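Reader: I would like to learn how to read the features of a model. Please take me through them briskly.

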Amino acid sequence: MNKGTIKKVLNYIGKYKIFLGLSVLFAALSVVLTLYVPILIGKAIDYIIEAGRVDFDKMAPILIKAMIAVGITSFLQWLMNVCNNKITYNVVRDIRKEAMRKIERLPLKYIDSRSYGEIVSRVVADVDTFSEGLLMGFTQFFTGVVTIFGTLIFMLTINVRITLVVVIVTPVSLFVARFIASKTFSMFKLQSEIRGEQTAFIDEMIGNLKVVQAYTHEDENMEKFDDINERLEKASLRATFFSSITNPSTRFVNSLVYTGVALSGALIAVNGGAAGISVGRLSTFLSYANQYTKPFNEISGVVTELQNAIACAARIFELIEEEAETPDNNNAVALKEARGNIELKNVYFSYVPDKKLIEDFNLSVKKGQRVAIVGPTGCGKTTLINLLMRFYDVNKGEISVDGNEIRDITRHSLRSNYGMVLQETWLKNGTIRENIAMGKPDATDGEIIEAAKAAHSHGFIRRLPKGYDTVIGEDGGSLSQGQKQLLCITRIMLALPPMLILDEATSSIDTRTEIKIQEAFARMMKGRTSFIVAHRLSTIKEADIILVMKDGNIIEQGSHKELLARNGFYTKLYNSQFAQ
């Protein structure tokens with residue numbers, strides 16, 4: 001097993017020492033009582049003298065004691081299971097909470113470079129598998145270990161020579177279980193990795209099913225799915241096959257133990273003498289021998305499950321231990337109400353070190369200016385937005401807001417001063433009202449309705465079955481792309497932050513509604529610093545500054561009229577859209 005992973009799991013378990021101690025105590029008490037019952041049964045058997053001669057008067061109280069012991073044992077085992085459940089599901093809760101906290105603090109480059117389904121698989125499927133193994137470990141491992149040592153002690157009190165037979169054969173069982181367990185960890189780890197790959201592929205398929213069907217790519221995707229599915233089948237079968245060898249192997253060894261005890265005990269009982277053993281005590285000893293070997297079978301099964309659990313835990317800990325985004329500086333200031341003066345000085349940035357993108361970028365934006373950013377695909381428009389919001393940090397140079405370098409401003413306060421409407425809409429599972437009020441949770445119904453009217457979404461919201469209380473599914477459910485975009489615009493109309501970023505904010509809206517929304521945007525942008533990313537150049541004619549970007553650099557800068565007069569790259573872009 002991975003010792004580092006086990007140590008991390010034990011650190012989480014250590015928070016619940018009280019429940020752990022109680023579990024061990026209840027396990028010990030239940031085992032002691034379980035081992036006490038065969039002694040009582042053995043005594044009762046010795047009162048069966050021969051056919052027709054049974055001392056019922058002496059047997060009755062012994063059998064009553066045995067029933068009471070069994071009842072108390074059952075109650076103690078129930079208490080032990082309560083403690084084990086408490087430990088297991090608290091640990092699982094803590095790990096999932098830590099994983100979610102880490103996901104929120106991970107740099108976007110980590111999320112962008114991995115499939116969402118694979119990350120979800122770690123937090124959901126891997127943690128579930130881990131919890132099942134951990135619960136089985138607590139339920140059977142403690143009881144099994146205590147039973148092994150308890151039965152040895154009890155057997156020694158009955159007959160040392162027969163006990164030695166048991167002890168001599170025991171290491172064989174331990175060796176077999178350890179040998180097989182050491183080989184299965186890597187197999188279960190591979191199984192978890194392929195399962196994560198499968199979850200990611202299914203998530204991708206469902207999320208893009210329209211595209212798959214539009215390009216008749218069903219057969220190709222099924223081929224890829226079959227490939228992943230077959231690899232998962234082989235990995236699962238291999239891991240399960242080798243792990244399942246443990247139980248029959250230990251059972252075989254344990255059968256040898258039981259056979260040795262039965263033979264040696266029978267010979268001693270037949271020979272009699274001072275060192276002899278009665279039939280009742282031999283039956284007690286055989287019962288102990290059976291109870292002694294049983295935990296080895298259970299522990300071998302537990303070891304198999306723990307191998308799978310630890311392999312899954314290793315994957316979730318990999319996520320938890322990923323390097324988080326650079327924390328805010330200790331002296332970082334909170335930007336309360338930004339004026340909107342933004343400056344970029346000698347900014348260099350690239351997503352991949354050997355692939356240059358933005359180089360020596362300079363820009364000065366004054367309060368209330370509307371800055372439009374245009375250029376061909378891949379020129380760095382969205383990258384510039386990512387840098388302004390500090391989703392990514394610059395490699396070199398600096399960006400400042402109101403004279404404060406953004407790395408000296410807390411991320412939360414910086415981002416709360418921006419309002420964003422992106423081409424890719426994002427809506428959560430909830431009511432229309434909840435989705436609109438995300439940027440201003442304390443908004444009144446009147447404010448929400450006014451914002452909806454300003455964004456021209458009030459009409460379609462009112463026609464929904466429950467109006468503003470209509471529940472929509474993840475990513476807007478059955479709403480059209482245009483309606484979803486209108487709700488995102490309504491959200492920003494309600495919050496009215498001091499700085500705005502509009503990235504193709506009206507790309508999915510019909511022309512008539514777009515004209516009205518552009519008018520609403522014009523009113524909203526008055527006095528607010530605004531960045532507008534647009535491909536349709538007709539929407540940015542009124543911008544104060546138009547930045548024409550190409551290959552990560554500003555190649556032209558000016559107003560719409562100034563840029564047309566220069567007859568440069570912007571003029572070519574504009575004419576390409578409006579040429580007759």
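Predicted model: local features only at pLDDT ≥ 70, side-chain atom pairs only at ≥ 80, totals over all residues.

Reader: How many bridges join S3 to S6?

Author: Five bridges join S3 to S6 (residues 396-401), and the two run antiparallel. Leu-344 stands opposite Ile-399 in S6. S3 also pairs with S4 (residues 358-365), antiparallel and over five bridges. There, Ile-342 has Val-365 in S4 as its bridge partner.

Reader: And where does Ser-400 find its opposite residue?

Author: In S7: Ser-400 stands opposite Glu-405. Two bridges join S6 to S7, again in the antiparallel sense.

Reader: What should I expect of side chains along a strand?

Author: In a regular strand they alternate between the two faces of the sheet.

Reader: Now the salt bridges. How many does the structure hold?

Author: The structure holds 19 salt bridges. A pair counts when a side-chain nitrogen of Lys or Arg is within 4 Å of a carboxyl oxygen of Asp or Glu. Glu-405, in S7, gives one case. Its side chain meets that of Arg-407 in a salt bridge, at 3.2 Å from N to O.

Reader: Is Glu-405 buried or exposed?

Author: Buried, because its relative accessible area is 13%, and buried means under 20%. Arg-407 is partly exposed, at 27%.

Reader: Which parts of the chain does the pair Arg-411 and Asp-328 link?

Author: Check the distance, then the place of each partner. Arg-411 and Asp-328 form a salt bridge at 3.5 Å, N to O. The pair links distant parts of the chain, 83 residues apart. Arg-411 is in helix H12 (residues 411-416). Asp-328 is in the loop between helix H10 (279-320) and strand S3 (342-349).

Reader: Why does Arg-411 count as buried?

Author: Because its relative accessibility is 7%. Asp-328 is partly exposed, with a relative accessible area of 30%.

Reader: Which residues are linked with this pair in a network of salt bridges?

Author: Look for shared partners. Asp-328, Arg-390, Asp-393 and Arg-411 are linked in a network of salt bridges.

Reader: What about Asp-445 and Arg-433?

Author: Their side chains meet in a salt bridge at 3.0 Å, N to O. Asp-445 is in helix H14 (residues 445-454) and Arg-433 in helix H13 (residues 432-436), 12 residues apart. Asp-445 is partly exposed, at 45% relative accessibility. Arg-433 is partly exposed as well, at 24%.

Reader: Next, the surface charge. Which residues form the negative patch?

Author: A patch joins like charges on residues without a salt bridge. Here Glu-218, Asp-219, Glu-220, Glu-223, Asp-226, Glu-230 and Glu-233 form a negative surface patch. Take Glu-230, which is in helix H8 (residues 218-244). Glu-230 is partly exposed, with a relative accessible area of 46%. It can join a patch because the cut-off is over 30% relative accessible area.

Reader: Last, the contact. What separates Val-120 and Thr-199?

Author: Val-120 and Thr-199 are 79 residues apart along the chain, and their C-alpha atoms are separated by 8.0 Å. Val-120 lies in helix H5 (residues 116-158). Val-120 is partly exposed, with a relative accessible area of 45%.

Conventions
Residues numbered from 1 in each chain as written. Heavy atoms only, no water. Patch = residues over 30% accessible without salt bridge, like charges linked within 9 Å, V, L, I, M, F, W, Y side chains within 5 Å. Areas by Shrake-Rupley, 256 points an atom, 1.4 Å probe, with all protein chains shown as cover. Lys, Arg positive; Asp, Glu negative; His and termini not counted. Charge placed at Lys NZ, Arg CZ, Asp CG, Glu CD. Helix = DSSP H or I, 4+ residues; strand = E, 2+ residues; numbered from the N terminus. Buried < 20%, exposed > 50% of the residue type's maximum accessible area, 1.4 Å probe, protein only. Pairing = 2+ DSSP bridges.
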